[in-house]
Amino acid sequence: MPKLLVTGASGYLGSALASRARDAGWTVVGTVGARPGAAPAGLADVVALDVRDDAAVASAVRAAAPDVVIHTAYVQGTDAPAVNAGGTEHVARAAADAGVRLVHVSTDAIFDGRLPRPLVEADAPSPVTAYGATKAQAEAHVARLCPDAAIVRTSLIYGGPGHDPAAQERPALAVARGERTDMMFYTDEVRSPIQVDDLAAALLEVATTDWAGPLHVGGADPLSRLDFARLIVTARGHDASALRGVAAPVDRPRFCPLDSSRARDLLRVRLRGAREVLGGA
Ligand SMILES: NC(=O)c1ccc[n+]([C@@H]2O[C@H](COP(=O)([O-])OP(=O)(O)OC[C@H]3O[C@@H](n4cnc5c(N)ncnc54)[C@H](OP(=O)(O)O)[C@@H]3O)[C@@H](O)[C@H]2O)c1
């Protein structure tokens, strides 16, 4: 079986991806940041790696000698330029130098959402948030250094019942449980939430293709942040009436559903909508 290097194997997506690949018989090496214990058990190796360290990234890729690198590691906040843009540049260079296939995980947040239709791969990045700008820079590094790499743009990642709540689920659950009262949910920011196992399966499939360039991989249902929050809480047995909606401020992306028809043609995995997964269909 092929060998996979997953950056961010301690993260929400990276750990699901590493487990899935392990269970499918891949030899998996995972890299971790500050939380080594969060990587799944049973990997061939777990290595500490800060992607901001160019030489360390090159040496980790050389040492693992994988067939494929799937790059999920990222942060939000002040370190985002160095980790997301700089770190991705290092990963792309290391993969190119080693002649290794790269699948880079990107985001719908590279778009401003001002078009009145779902976003296709050919649409130009136009980030309106600082985070989106770092991920757009990351894509540019990948395209320049590793033109054969796949750049998988995805949307809000969630688990649903039976999974630990993702970062995208926790605020809605906290409001529904009465633990937070300060939070409202945008009624006009529309995204394509995707279940983490569907995304992990899609990434593994993309790894085995020669798809090059952007590929949109979102869930089938475009949903506002408020409608998504309602599905999240009702799926876990909570009353959604405490969730309140608000218009998004001007500096947020707006209408960003991903047109994932190319991915649906290319891949076997079904990219389920959140209504189907969370039981609100
Ligand atoms: N979450 C979403 O809704 C969403 C939406 C669209 C796209 N995405 C994309 O999906 C990917 C994964 O997201 P996620 O939510 O699964 O992330 P996550 O749970 O926050 O995990 C991030 C991972 O990156 C690692 N990391 C952080 N800083 C690092 C550094 N300097 N060097 C090396 N590794 C570092 C973390 O390691 P430690 O925890 O061990 O420190 C962790 O394993 C990202 O590329 C993100 O842009 C996410």
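Visitor: How far apart do the C-alpha centres of domain 1 and domain 2 lie?
Guide: They lie 25 Å apart. This is a predicted model: local features need pLDDT of at least 70, side-chain atom pairs count only at pLDDT 80 or more, and totals for chains, interfaces and linings use all residues. Residues are numbered from 1 along each chain as its sequence is written, and side-chain values use heavy atoms, with hydrogens and water left out.

Visitor: Which residues does the assignment give each domain?
Guide: Domain 1 is 3–156 + 194–217. Domain 2 is 158–191 + 221–257 + 273–278. The bounds come from an automatic or database domain assignment.

Visitor: Which residues in domain 1 lose the most area to domain 2?
Guide: Y12, L156 and Q195. Together they make up 40% of what that side buries.

Visitor: Switching to charges. How many salt bridges are counted between the domains?
Guide: One. A salt bridge here is a side-chain nitrogen of Lys or Arg within 4 Å of a carboxyl oxygen of Asp or Glu.

Visitor: What is the partner of R191 in a salt bridge?
Guide: D108. The closest N and O atoms are 2.8 Å apart.

Technical notes
Buried area = accessible area lost by both parts, 1.4 Å probe.
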